Amino acid sequence: MKLPIGEGASGAFVRDIQQQLIKAGYRLPRYGADSVFGEETENAVMRFQRDHNLAVDGLVGQVTLSKLQQVNQQRVSAPDFPLPSGVLRRGDQGENVRQLQRALKQINYNPGTVDGIYGPRTEDAVRRFQSMYAALKDDGIYGPNTRKYIRMELDD
């Protein structure tokens, strides 16, 4: 696909850009990586451009694309963030909760302080993460399915 691309574009390349935006912490809560460059994607691109001191035009050209790839390459790999198995929910405490909090922070779903207490902020971070995937219930409870998707984000 020829650069720059913007609103109205569609296809696998658009989906790749959307996935990179999500990985970089720019949420697409309504449509996710749906391969269609609509207003939601344009807004995320503009926020990304603003946050990285690029020209804010909502178009993905070579400069924006390079910066997006650079930002995502700086992220740390999954082995540094082991994920607990089992089910964790509000009220739980301990090292497993700490591991989850560290992983959430790494993929830009800030749970607040990494304190090992599954409180309202951790529950909210899990719920915000779950809302990105149709396959997950937005219940704020960390279980095997949520673990699988967080692991995918960390490995990405």
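Keep in mind that the model is a predicted one.

**Stop 1: a glycine in a loop**

Start by selecting glycine 32. You'll find this residue in the loop between helix 1 (12-23) and helix 2 (39-51). Is glycine 32 buried or exposed? Its relative accessible area is 10%, and buried means under 20%, so glycine 32 counts as buried.

Now show what surrounds glycine 32. Skipping its neighbours within four places in sequence, the residues in contact with glycine 32 are Gln18, Ile22 and Glu40. Pick glutamine 18 from that list: along the chain, glycine 32 and glutamine 18 are 14 residues apart, yet their C-alpha atoms sit 7.3 Å apart in space.

**Stop 2: helix 4 by itself**

Next, select residues 95-106, which form helix 4. With 12 residues at 1.5 Å a residue, helix 4 should span 16 Å. The C-alpha atoms at its ends are 17 Å apart, so the model agrees with that expectation.

Which residues of helix 4 are buried? Colour Val97, Gln99, Leu100, Gln101, Ala103, Leu104 and Gln106 to see them. Helix 5 and helix 6 are among the things covering these buried residues.

**Stop 3: helix 4 against helix 5**

Two packed helices are described by the angle between their axes and the distance between the axes. The crossing of helix 4 past helix 5 is left-handed.

To see where they touch, show side chains for Leu100, Gln101 and Leu104 on helix 4, plus Thr122, Ala125 and Val126 on helix 5. Sorted by class, this contact has four nonpolar residues, two polar ones and no charged ones.

**Stop 4: helix 5 against helix 6**

On the helix 5 side, select Val126, Phe129 and Gln130; on the helix 6 side, select Thr146, Tyr149, Ile150 and Glu153. This contact divides into four nonpolar, two polar and one charged residue. Look again at Val126, which takes part in the contact with helix 4 and in the contact with helix 6.

Key: Residues are numbered from 1 along each chain as its sequence is written. This is a predicted model: local features need pLDDT of at least 70, side-chain atom pairs count only at pLDDT 80 or more; totals for chains, interfaces and linings use all residues. Side-chain values use heavy atoms; hydrogens and water are left out. Contact means heavy atoms within 4.5 Å. Helices (H or I, at least four residues) and strands (E, at least two) are DSSP runs, numbered from the N terminus. Ala, Val, Leu, Ile, Met, Phe, Trp, Tyr, Cys and Pro count as nonpolar, Asp, Glu, Lys and Arg as charged, and the others, Gly among them, as polar. Buried means under 20% relative accessible area, exposed over 50%, partly exposed in between (1.4 Å probe, protein chains only). Axes are lines fitted to C-alpha atoms, for helices over the stretch in contact, and angles run from 0 to 180 degrees between N-to-C directions. A crossing is left-handed if the near helix is turned anticlockwise from the far one by less than a right angle, and right-handed if clockwise. The expected span of a helix is 1.5 Å times one less than its number of residues.
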